[in-house]
Amino acid sequence: MKCRAEAVSCLSWVLVVGGAVYLWHQTRSHTEYGRYAPPGSRCCSARLGWFLQEVPSFLLPLLLQLLTEEPGGGSGRTLLLCTFMLHYFHRSFIYAFLTRGRPVPLIIVVSAAIFCSLNGFLQGHHLLHCTQFEHTWLTDARLAAGFLLFAVGMSINIHSDYILRSLRRPGEVVYRIPYGGMFEFVSGANFFGEIVEWCGYAVAVWSLPAFAFAFFTICSIGPRAYQHHRDYLKKFELYPRSRKAIIPFLL
């Protein structure tokens, strides 16, 4: 398939502008899912909702990979794409079936599925059909640093999700104070891990689509971490005052 450079650029800037608009929106109201879901909204179960909204970002790159003939340097592109897909494999087939979260409003599921479809195509198409690698890519220090950041971020994200999940018994939707791991430093430890993850991916790929996605991630879940932080402080008198919202020791 030929590289669609104009489409890649357009979709990347849509992510950048969309991220900025979403950030502005979240400074004025909550995104209505989880603890902020309005009563009476049409929902599906948390497990089905997370699976449906996340799986396009795994399946679309996989389909593009299967339909792509490997030219020279293809192993580098495949490795980076597999890094992207690893996150969404975990989200779709592991996290989705372990979560004990609240039912997800249908509008959120549909919106997230559309985003994951567009972003899955963008990252997959750009890596497979537009990116060029030198034969020395395996010795690139920037690539290694990006992979390390991604691995650290994903580990924090998975461990933080485990801590949050362990606070609830099956069927419960109560909120308790999380302790351990990065929750000792920030209220949004799971969000912090995901931000580190996608910043590492952006450093490794070093492209406009990857940085646009990392920027959108920061704009979408960064404010949510701050909202959770305020909610914890409001609900729990004994909530640790030394914790920050999203960036340890700073914010």
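Predicted model: local features only at pLDDT ≥ 70, side-chain atom pairs only at ≥ 80, totals over all residues.
**Helix contacts around H5**

Let us begin with helix H5, residues 106-130, and its contact with helix H1, residues 5-26. The axes of H1 and H5 come within 10 Å and cross at roughly 135°. Angles over 145 degrees would count as roughly antiparallel, and H1 and H5 are therefore oblique to each other. The crossing of H1 past H5 is left-handed. On the H1 side, the contact is built from Val8, Leu11, Ser12 and Leu15, which meet Phe115, Asn119, Phe121, Leu122, His125, His126 and Cys130 of H5. By class, seven residues of this contact are nonpolar and four are polar, with no charged residues.

H5 also packs with helix H3, residues 56-66, at an angle of about 30° and with the axes 8 Å apart. Angles under 35 degrees count as roughly parallel, and H3 and H5 are therefore described that way. Their crossing is right-handed. From H3 come Pro56, Ser57, Leu60, Pro61, Leu64 and Gln65, while H5 brings Ala113, Cys116, Ser117, Gly120, Phe121, Gly124, His125 and Leu128. By class, the contact of H3 with H5 has eight nonpolar and six polar residues, and again no charged ones.

**Pockets**

| Pocket | Volume |
|---|---|
| Largest pocket | about 1400 Å³ |
| Second largest pocket | about 240 Å³ |

Which residues lie closest to the centre of the largest pocket? They are Tyr33, Trp50, Gln53, Phe191 and Arg224, out of 49 lining residues. Several helices give two or more residues to this lining: H1, H2 (46-54), H4 (74-98), H5, H6 (141-166), H7 (189-205) and H8 (208-235). H8 gives the most, with eight residues. By class, the lining of the largest pocket holds 22 nonpolar, 16 polar and eleven charged residues.

The second largest pocket is lined by Phe192, Ile195, Val196, Ile218, Gly222, Pro223, Tyr226, Ala245, Ile246, Ile247 and Leu251.

Terms used:
Residues numbered from 1 in each chain as written. Heavy atoms only, no water. Axes fitted to C-alpha atoms, helices over the stretch in contact; angles between N-to-C directions. Helix = DSSP H or I, 4+ residues; strand = E, 2+ residues; numbered from the N terminus. Parallel < 35°, antiparallel > 145°, perpendicular 65-115°, else oblique. Left-handed = near helix turned anticlockwise from the far one by under 90°. Contact = heavy atoms within 4.5 Å. Nonpolar A, V, L, I, M, F, W, Y, C, P; charged D, E, K, R; others polar. 1 Å grid on protein atoms, 1.4 Å probe; cavity = no way out; pocket = protein on both sides within 12 Å on 5 of 7 lines; lining within 4 Å. Points joined across faces, edges and corners; volume = space filled by probe spheres on them.
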